[in-house]
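Welcome, and thanks for taking a look at this one. Below is a short briefing to read alongside the model.

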Amino acid sequence: MSTIDSEIKKSLQILKQGGLFLYPTDTVWAIGCDASNLEAVKRVYALKRRNLNKALSCLVADERMLKRYVKQIPPAALNIIDVTDKPTTIIYDNAQNLASNLIAKDGSIAIRIPDDDFCYGITRKFNGAIVSTSANISGNFTPKSFKEITPAILKGVDYVVNLHHEKICSKPSSIIKLSNNGIVKIIRE
């Protein structure tokens with residue numbers, strides 16, 4: 001069994017038990033949990049000391065999985081997913097099948113399809129969306145490497161993925177809001 005497969009297996013156990021895990025993505029280190037588990041999502045908010053009115057994002061493996069969580073995917077979203085060459089999170093209207101405390105007050109959800117073997121593998125094996133929020137206390141800087149993650153975050157999760165601890169991350173993903181009425185808004189480049 002490869003190291004990635006072994007880490008996916010360990011992380012899956014945590015996800016299925018409603019736990020939190022710390023994992024590397026194609027952008028930054030993230031805190032994750034089952035995106036459909038209300039109690040797990042509450043724990044993420046508490047660990048980050050994040051205002052409940054500030055939504056979290058999640059990861060899915062592919063466009064097919066995306067359709068499970070968004071009632072109507074704007075055609076522009078599929079074009080962006082196909083052509084973008086950098087990590088891009090898209091905020092969609094009319095989220096569904098997710099923990100209610102993960103969905104923003106306006107009914108939207110931020111979702112990204114990552115370009116990363118571990119992230120693809122964990123979402124595929126879990127067969128569902130996982131929360132993906134930067135591994136920091138809200139308002140503090142986003143760590144660019146594993147060694148910059150604070151002890152409070154490390155102690156607050158149930159498992160730390162043992163991959164890419166030496167990797168330096170450049171920056172978080174771009175964020176685009178695509179409303180079903182055709183309005184496109186760049187939130188973060």
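## Overall fold

Among contacts in the chain between residues at least 6 apart in sequence, 69% join residues at least 24 apart. Please keep in mind that this is a predicted model. The chain's secondary structure comes to six helices and ten strands.

**Size and surface**

- The radius of gyration is 15 Å, which agrees with the value near 16 Å that a compact globule of 189 residues would have.
- The C-alpha trace spans about 45 × 35 × 30 Å along its principal axes.
- Of the 189 residues, 51% count as buried.
- The chain exposes about 9,400 Å², and carbon and sulfur atoms supply 51% of that area.

- An open sheet with mixed pairing is formed by four strands, in the order 7-2-1-8.
- Its edges are strand 7 (133-134) and strand 8 (159-160), each of which pairs on one side only.
- Strand 1 (residues 21-24) and strand 2 (residues 29-32) run antiparallel and are joined by four bridges.
- Tyr 23 has Ala 30 in strand 2 as its bridge partner.

- Asn 127 follows helix 5 and has a positive phi, near 60°.

Conventions:
Residues are numbered from 1 along each chain as its sequence is written. This is a predicted model: local features need pLDDT of at least 70, side-chain atom pairs count only at pLDDT 80 or more; totals for chains, interfaces and linings use all residues. Side-chain values use heavy atoms; hydrogens and water are left out. Two strands pair if DSSP finds at least two bridges between them. Helices (H or I, at least four residues) and strands (E, at least two) are DSSP runs, numbered from the N terminus. The radius of gyration is taken over C-alpha atoms; the globule rule is 2.2 Å times the number of residues to the power 0.38. Buried means under 20% relative accessible area, exposed over 50%, partly exposed in between (1.4 Å probe, protein chains only). Contact means heavy atoms within 4.5 Å. Accessible areas come from the Shrake-Rupley method with a 1.4 Å probe; for residues, only the protein chains shown count as cover.
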